[in-house]
Amino acid sequence: MLELFQGPLFISILAAMVRIATPLLFSAMGELVTQRAGIWNISVEGTMLLGAVVAYVIASSTGSPWLALLVAVIACALLSLVMSYVTIVLKSEQFIAGLAVNLLASGLTLFWFQTYIIGRDPPKFAGFEAVEIPYLSDIPVLGTVLFSQRLLTYVGFLIPLAVWFFLYRTRYGLEVRCVGENPKALDVKGLGVGRRQCLAIMFGSVMSGFGGAFLMLGYSDRFVPDLIAGRGWLVVVAIIAGNWMPFRVVGAIFVFAFLEAVGIHAQVVGVSIPHHVFLVLPYVASLVLLAGLRSRTHQPVALGIPYRRE
């Protein structure tokens, strides 16, 4: 067990942690903005799955991972319209709506995938390759861990900073947070609550689709139905564990990613502990983090409450 945390193997675990965290960062930052706007959108899992399967179909058909990423993002943006209509226009219960969208996306992706590969083996494709940053990639340890990743991983490092700046340093970000705290105050000023929530849902779905597509294009060459494997639910837990604060959410995500990386390497090394123990570690960590957050919370006051003009 101790050999996992020594020498090159530990460096490999850290590099894997960064790779695993990247799609979660995209999805979590999008979902954070959505929840800050007062919408409990728990359809992250299904949206990531939709992004992954659309990316797979386009990449294996055209050979262009960038086109696949674009089409996947557009597909997830269209899916967000369903969630927006049900929660904002119909004022439906947001948890039920999110579960319904998850089921819809899961069913559609499985149907499209089986239709696409009918009568043949699932085709492979060439996804995103690692891009080493000159000079920085030669730094011992850090070069391997941080500067020998996919191009979009470097973008992922900047996303939390961009979301923090948007939420806390821009007028529109203040309005988004106001929608989640006191939507009536925004409505009184003549600013559209529904429009801002709709845009927040779309942004969250686009980022979740981005995460699912990147998981497909960056680290796999064929689609499997359980590709997302509960990562969408971990994103939702990370936001709660991070107390709806961008950088705390990032910390929770890296905890989950590190534990998953340890589990993967433990299987490769052949640690005597059953590999199922390592598979559940991220979920055990999520329960521990949630149990420890019984103090002051930054949860938006109006989160999950449909706004009705009086």
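Start with helices α2 and α4: α2 passes α4 in a left-handed crossing. Keep in mind as you go that this is a predicted model. Select residues 44-62 for α2 and 94-117 for α4; their axes come within 7 Å and cross at roughly 20°. Angles under 35 degrees count as roughly parallel, so α2 is roughly parallel to α4.

Now show side chains along that pair. On the α2 side, the contact is made by V44, E45, G46, T47, L49, L50, V53, Y56, V57, S60 and S61. Facing them from α4 are N102, A105, S106, T109, W112, F113 and Y116.

Next, select residues 65-89, which form helix α3.

Last stop: the cysteines. A disulfide is a covalent bond between the sulfur atoms of two cysteines. With a cut-off of 2.5 Å between sulfur atoms, the count here comes to 0 disulfides. Pick C178 and look for its nearest cysteine sulfur: that belongs to C198, 18 Å away. Hop over to C198 itself, and the nearest cysteine sulfur is that of C76, at 15 Å. Is C198 buried, partly exposed or exposed? Its relative accessible area is 23%; buried would need under 20%, so C198 counts as partly exposed.

Key: Residues are numbered from 1 along each chain as its sequence is written. This is a predicted model: local features need pLDDT of at least 70, side-chain atom pairs count only at pLDDT 80 or more; totals for chains, interfaces and linings use all residues. Side-chain values use heavy atoms; hydrogens and water are left out. Helices (H or I, at least four residues) and strands (E, at least two) are DSSP runs, numbered from the N terminus. The expected span of a helix is 1.5 Å times one less than its number of residues. Buried means under 20% relative accessible area, exposed over 50%, partly exposed in between (1.4 Å probe, protein chains only). Axes are lines fitted to C-alpha atoms, for helices over the stretch in contact, and angles run from 0 to 180 degrees between N-to-C directions. Angles under 35 degrees count as roughly parallel, over 145 as roughly antiparallel, 65 to 115 as roughly perpendicular and the rest as oblique. A crossing is left-handed if the near helix is turned anticlockwise from the far one by less than a right angle, and right-handed if clockwise. Contact means heavy atoms within 4.5 Å.
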